[in-house]
Amino acid sequence: MPAHADFKEKDPLSTAVAAAPPPPGGDPLAPYVPSAAKPWNARRVAHVYRRLGFGATLEQIQQGLLLSPSALVDQLLDTAYDLEIPPPPYWSGYTYEDYDGNQVLIDEHRQELRHRWMGDMLGEGIRAKMALFWHNHFVTALNTYECNSYLWSYYSMLHEYALGNFRIFAREMGKNPAMLTYLNGNLNIVGQPNENYARELMELFTMGESNGYTQVDIVEMARALTGWQAKNYLCTPPYYDAGLHDNGNKTIFGQTGNYGFTTAHNLIFTARAEQVSHFIPTKIYKNFVYEKPDPQVIDGLATTFQSANWEILPVLKQLFKSEHFFEESYINARLKNPLETMLPILKAAKATLPGEVEADWANAIFYWSYELGQELLNPPNVAGWPGYHKWINESTLTARWNYSSITAYLLTLNETLRENLRTLAITLTNESNKPDLIVAALVDFLTGQTLEPVHQLAAVTNFKANIPENYFQDGSWNLYWDEAPYQIVNMLYYLVRLPEFQLT
């Protein structure tokens, strides 16, 4: 298929950033100052929203242009930081006994939670996406622990600490019943240390693989973490059993003491501060900026992370305000994850859940995301979704096209969303009736890119759909025609198959 060939040939992931000139002299983490060469425009406002969230409405972009880049980033991140802890549903403390074997009700409650998350992805966006990032960092899998109250506890913690203190986040996650079950904390008792969680705590959650710890440190760390239990077979809250804790001295990172759960976690952030301060910003950078980290940027973020006593928010602000983040070479250079191929289509039409997005739509999108390799609440293993080029292969690429197209089709099923599409095109083009101008404006808004002439022409052809050419030539056609929203969706069917659409 030509579009597939184009994707391989044009893939900016392997060319654009590698070929980009080095950042201008000075600190790449200095706050971005707009200039003639690097203007503060709708494209860069959209860049902020696409990376921090799941896209923006036209109104959000227009409002963002009224602020300075730093003020916009502050506003978005501070708003996300100040959000209340998600209110628990009535079933948040349910045990298996409460469900009495009612699998339909169990599934309904899980579905309710997914709907809540998707509603937040389409709504406030920022914290919801940060929680998704941490879900792929502090990985657990629902199909391992199964208990819905554990699911809620895990979901709530991801949101509570999404922009908070990472040291506390890491410590509290170790007590979470979903994590205790997933990584065998329940089996980690005095005299029989289980290494699973201790190993992943250092390798995947705080320090990085083989980065400042030994096998002896893993065993000794496991001993220090003994005592916390969660009876998954009863679905009851976690608790600490002093009788299961190893009270002997442990030697971790060459330091000996009677470490317990809290002191052992804290030791990681004192004895291995350099490793933690580089590892976590690197993961943030790779997820939100680009796959290949800039060493100078990571060093600067690491310094901030330590000096801020492991607060996440200052690191995010420094990165997303920086000259580096707004460099041309990093815009539209990151491959979308599956949810990012579908949700921004709904976001562009101002769809909300609850609201215009029906429950069946939400269920379908989560299923399609699973088909594309991103099963929410069930990553493939403790390392999470590998991402980057792993998102696309010969089968998932065509599936991405298909599922994005169906998502676009959903917009035609709701009158409000159809009219939102019409209003978007009218506002972007000042009521133009020129198909080429309308398509160019919509493509720029939806992707932040300009198509090559051959693809622009094809997009216009798709936009014109089955309307006779003479209506466009004599100027009688306009965006107020009943067909206009359907024409926009028809153009989307073509756009989602282009390489440009797979990048954000």
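# Briefing: pockets, cavities and local backbone features

The largest pocket in this predicted model has a volume of about 700 Å³. A search of the whole structure also finds 3 cavities of 30 Å³ or more. Because the model is predicted, local features need pLDDT of at least 70 and side-chain atom pairs count only at pLDDT 80 or more, whereas totals for chains, interfaces and linings use all residues. Residues are numbered from 1 along each chain as its sequence is written, and side-chain values use heavy atoms, with hydrogens and water left out.

- On a 1 Å grid over the protein atoms alone, a cavity is a set of points where a 1.4 Å probe fits but cannot get out. A pocket is an open set with protein on both sides within 12 Å along at least five of seven lines, and lining residues have an atom within 4 Å of a point.
- Grid points are joined across faces, edges and corners, and a volume is the space filled by probe spheres set on the points.

**Largest pocket**

- The lining of the largest pocket consists of 28 residues, and those nearest its centre are Asn136, Asn287, Trp385, Pro386 and Gly387.
- Helices α8 (126-135), α13 (196-206) and α16 (273-288) each contribute at least two residues to this lining; helices (H or I, at least four residues) and strands (E, at least two) are DSSP runs, numbered from the N terminus.
- The greatest contribution to the lining of the largest pocket is that of α16, with 5 residues.
- This lining comprises 14 nonpolar, 8 polar and 6 charged residues, where Ala, Val, Leu, Ile, Met, Phe, Trp, Tyr, Cys and Pro count as nonpolar, Asp, Glu, Lys and Arg as charged, and the others, Gly among them, as polar.

**Second largest pocket**

- The second largest pocket holds about 300 Å³ of space. It is lined by 15 residues, with Arg114, Phe366, Glu375, Leu376 and Asn378 closest to its centre.
- At least two lining residues come from each of α7 (103-122), α9 (142-145) and α20 (359-371), and α20 gives the most, with 4 residues.
- By class, the lining of the second largest pocket has 6 nonpolar, 5 polar and 4 charged residues.

- The largest cavity has a volume of about 240 Å³. Its lining is made up of 21 residues, of which Arg50, Phe54, Gly55, Pro344 and Leu446 are the closest to its centre.
- Two or more residues of the lining of the largest cavity come from each of α3, α19 and α23, and α19 has the largest share, 5 residues.
- The lining of the largest cavity contains 12 nonpolar, 4 polar and 5 charged residues.
- The second largest cavity has a volume of about 100 Å³. Of its 13 lining residues, Leu180, Gly185, Asn188, Tyr197 and Leu225 are the closest to the centre, while α12 (177-182) and α13 are the elements that give two or more residues.
- The lining of the second largest cavity includes 8 nonpolar and 5 polar residues but no charged residues.

**Buried side of helix α4**

- Leu58, Gln60, Ile61 and Gly64 are buried in helix α4 (residues 58-65). These residues lie on the same side of α4 because they cover an arc of only 160° around the axis; the arc is that of the directions from the helix axis to the C-beta atoms.
- Buried means under 20% relative accessible area, exposed over 50%, and partly exposed in between (1.4 Å probe, protein chains only).
- The cover over the buried residues of α4 includes α3 (42-52), α5 (69-81), α19 (338-348), α22 (415-429) and α23 (435-447).

**Loop residues and backbone geometry**

- Pro34 lies in the loop between α2 (16-19) and α3 and is partly exposed, at a relative accessible area of 38%.
- Apart from its neighbours within four places in sequence, Pro34 is in contact (heavy atoms within 4.5 Å) with Trp40 and Pro69. The C-alpha atoms of Pro34 and Pro69 are separated by 8.2 Å, although the two residues are 35 residues apart along the chain.
- Leu353 and Pro354 are joined by a cis peptide bond, with omega about 0°; Pro354 is in the loop between α19 and α20.
- Phe253, a residue other than glycine, has a positive phi near 55°. Phe253 is in the loop between β3 (250-252) and β4 (255-257) and counts as buried at 10% relative accessibility.
- Ala465 also is not a glycine and has a positive phi of about 55°. Ala465 is located in the loop between α24 (453-464) and α25 (469-473) and is partly exposed, with a relative accessible area of 37%.
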